[in-house]
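I opened my notebook today to look up a few things about this protein. Come and read along with me.

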Amino acid sequence: MVNLVAVSGIGEQLPLEIGSCKLVELQVPEITSIALGKGQQKAVSADLKKSYGLAFPAANRVTQKNGVRCTWTGPGQAFLVGTSAKILKGAALTDQSDGWVVMRLQGMDAEAVLARLIPLDLRALVFKNNHTARTLLNHVSVSISRNDEFTFELMVFRSMATTAISEISQAMKSIASRRR
């Protein structure tokens, strides 16, 4: 019998440390897409609170508790990250675990690195902790969330992870060269 083993979507490309920043892959056990049925946000939010202790997130926000998070991904949509999804009445659930790579960029210059790649104002005064957005990292679709003052979480399609890492690496080198 064949023994299947889960492997990273990015191989040996990470971790990467350049200047004050570090880019690492996060090993996320499960990612489930939640698509709300029409008029079902309150019911689904109540189910999420009962099962996981967190609510369905408002637009551009993340809710989290005990290592599980629910990240807004679009109108009526969110990703439940870090746990197996239980049935949520009023929502369609789809396993997305194999389709995404989750990375963390942290360091004093993380904002400056991302400012070269993402067309959003990511300054801490504007893009605060637990804020999230679906946007572009150059030409790569990304879901970006702020975890704290110097830490961002990036989710990219597995098929675009190598490109995203290359883009981030170049920006990290550029910012680090300014610090010398």
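Is Thr 73 buried or exposed? I looked it up: Thr 73 is buried, because its relative accessible area is 8%, and buried means under 20%, exposed over 50%, and partly exposed in between (1.4 Å probe, protein chains only).

A note on what I am reading: this is a predicted model, where local features need pLDDT of at least 70, side-chain atom pairs count only at pLDDT 80 or more, and totals for chains, interfaces and linings use all residues. Residues are numbered from 1 along each chain as its sequence is written, and side-chain values use heavy atoms, with hydrogens and water left out.

**Entry: around Thr 73**

I found Thr 73 in strand 5, residues 68–74. Strands (E, at least two residues) and helices (H or I, at least four) are DSSP runs, numbered from the N terminus. Leaving out residues up to four places away in sequence, I see Thr 73 touching Ala 78, Phe 79 and Arg 134; contact means heavy atoms within 4.5 Å.

**Entry: aromatic rings**

How many aromatic pairs does a search of the whole structure find? It finds three. Rings of Phe, Tyr and Trp (its six-membered ring) pair if their centres lie within 6.5 Å; planes under 30 degrees apart count as stacked, over 60 as edge-to-face and the rest as tilted.

One of the pairs is Phe 79 with Trp 100, edge-to-face, at 5.2 Å centre to centre and 75 degrees between the planes. This pair links distant parts of the chain, since Phe 79 is in strand 6 (residues 77–81) and Trp 100 in strand 8 (residues 100–107), 21 residues apart. I noted that Phe 79 is buried, at 5% relative accessible area, and that Trp 100 counts as buried at 5% too.

Trp 100 also pairs with Phe 157; I wrote this one down as tilted, with 4.4 Å between centres and 35 degrees between planes. Trp 100 lies in strand 8 and Phe 157 in strand 11 (residues 151–157), so the pair ties together parts 57 residues apart in sequence. Phe 157 is partly exposed, with a relative accessible area of 34%.

**Entry: cysteines**

How many disulfides does a search of the whole structure find? I got zero, counting a disulfide as a pair of cysteine sulfur atoms within 2.5 Å.
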